[in-house]
Amino acid sequence: MSIRLEPGDVAPTFTLPAAGGDSVSLDQMRGKKVILYFYPKASTPGCTTQACDFRDSLDSLAASGYTVLGISPDPVSALDSFTEEQSLSYPLLSDEDHAVAESYGAWGEKKNYGRVVEGLIRSTIVLDEDGKVALAQYNVKATGHVARLREKLAA
């Protein structure tokens with residue numbers, strides 16, 4: 001199992017391809033508070049619920065100074081479709097080799113329908129303006145997660 005991040009840790013830097021053809025680098029986010037959420041697969045029920053919850057909460061999160069980035073092992077083409085289908089207005093990033101998920105502790109063994117498998121662990125990492133971990137949540141539930149996160153962040 002990969003090492004999980006703790007508050008105060010410096011966030012691993014990355015540059016990933018995004019839906020729409022651009023790339024996003026964590027270095028571009030310096031000076032901003034960032035919510036990175038790792039989700040297993042675009043267009044699945046739980047991931048759609050979570051993505052739409054972030055979409056619907058984007059204004060209040062932005063008003064509190066947060067930028068939202070979604071990261072999954074999906075190829076960019078799947079993220080393009082997901083973004084369009086769900087009218088998502090924040091970047092979805094493709095981590096096909098799951099190197100970023102591993103560096104954030106969001107890849108490893110998990111239970112899936114009673115079986116132990118290796119894969120993406122639904123996780124949310126909140127970074128401060130200096131690129132340090134402010135909050136790290138692992139094995140989060142898709143339903144209701146964004147509301148609980150907003151409460152914790154007072155956003």
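Mentor: On a 1 Å grid over the protein atoms alone, a cavity is a set of points where a 1.4 Å probe fits but cannot get out, a pocket is an open set with protein on both sides within 12 Å along at least five of seven lines, and lining residues have an atom within 4 Å of a point. Grid points are joined across faces, edges and corners, and a volume is the space filled by probe spheres set on the points. The model is predicted, so local features need pLDDT of at least 70 and side-chain atom pairs pLDDT 80 or more, while totals for chains, interfaces and linings use all residues. Residues are numbered from 1 along each chain as its sequence is written, and side-chain values use heavy atoms, leaving out hydrogens and water.

Trainee: What volume does the largest cavity have?

Mentor: About 40 Å³, and its lining is made up of L26, M29, R30, K32, V34, L127, D128, E129 and G131.

Trainee: And the largest pocket, which residues are closest to its centre?

Mentor: That pocket has a volume of about 600 Å³, and of its 19 lining residues P40, K110, N112, L120 and R122 are the closest to the centre. The elements giving two or more residues to this lining are α1 and β6 (107-112), where helices (H or I, at least four residues) and strands (E, at least two) are DSSP runs numbered from the N terminus.

Trainee: Switching to helix α2, which of its residues are buried?

Mentor: In α2 (residues 76-86) they are L79, F82, T83 and Q86, with buried meaning under 20% relative accessible area, exposed over 50% and partly exposed in between (1.4 Å probe, protein chains only). Because they cover an arc of only 100° around the axis, they fall on the same side of α2; the arc is that of the directions from the helix axis to the C-beta atoms. On the other side, S77, E84 and E85 are exposed.

Trainee: What covers the buried ones?

Mentor: The cover includes α1 (45-63), β4 (66-72) and β5 (92-94), judged by contact, that is, heavy atoms within 4.5 Å.
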